[in-house]
Amino acid sequence: QVQLVESGGGLVQAGRSLRLSCAASGSIFSIDQMAWYRQAPGKQRELVAFITGRGQTHYEDPVKGRFTISLDNPRNTVYLQMSSLKLEDTGVYSCNAQVLDRRWNRNSFWGQGTQVTVSS
């Protein structure tokens, strides 16, 4: 099994920055990909960004140029640096990891989510 623990959420004023962290632990041989999703009140969960184990990144249009995703491979930890935050960035941010475990099985795991609230 793999556990994901997120941290770094909170209340922040619009225009400011915040950094989220998600640490994966457990039976991990390698990480294929880690991603951040978010869910705003009354809306469906949406992809924010992902990074592959080789460092390739993808950002959804609403966050391009403002958010940066990075992966610390030895620590199995993904970060999301969020800058120039907007009110519409408010939501529960969840981490997802696609992992090759030590039994050579590929599975997807989710963290519990961390609340980000952007105020005016």
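Student: Is Arg 38 buried or exposed?
Tutor: Arg 38 is buried, because its relative accessibility is 5%, and the cut-off for buried is under 20%. Keep in mind that this is a predicted model.

Student: Which residue does Arg 38 form a salt bridge with?
Tutor: Its partner is Glu 46, and the closest N and O atoms of the two are 2.8 Å apart.

Student: And Glu 46, how does that count?
Tutor: Glu 46 counts as partly exposed, at 37% relative accessibility.

Student: How many salt bridges does the structure hold?
Tutor: Six. One of them is between Lys 64 and Asp 61, at 3.1 Å from N to O.

Student: Where do those two stand on accessibility?
Tutor: Lys 64 is partly exposed at 49%. Asp 61 is exposed at 59%, because the cut-off for exposed is over 50%.

Student: What about Asp 72, which residue does its side chain meet?
Tutor: Arg 75, again in a salt bridge, with 3.1 Å between N and O. Asp 72 is buried, with 18% relative accessible area, while Arg 75 is exposed at 60%.

Student: New topic, rings. How many aromatic pairs are there?
Tutor: The count is two. One of the pairs is Phe 29 with Trp 104, whose ring centres are 4.8 Å apart.

Student: Why is that pair called tilted?
Tutor: Because the ring planes are at 45°, and under 30 degrees would count as stacked, over 60 as edge-to-face.

Student: Are they buried or exposed?
Tutor: Phe 29 is partly exposed, at 47% relative accessibility. Trp 104 is exposed, with a relative accessible area of 60%.

Student: Last one. What does the charged end of Arg 45 sit over?
Tutor: Two rings. The charged end of Arg 45 sits over the ring of Tyr 37, 5.9 Å from the ring centre. It also sits over the ring of Trp 110, 3.8 Å from that centre.

Technical notes: Residues numbered from 1 in each chain as written. Predicted model: local features only at pLDDT ≥ 70, side-chain atom pairs only at ≥ 80, totals over all residues. Heavy atoms only, no water. Salt bridge = Lys/Arg side-chain N within 4 Å of Asp/Glu carboxyl O. Buried < 20%, exposed > 50% of the residue type's maximum accessible area, 1.4 Å probe, protein only. Phe/Tyr/Trp six-rings, centres within 6.5 Å; stacked < 30°, edge-to-face > 60°. Lys NZ or Arg CZ within 6 Å of the ring centre and 35° of its normal.
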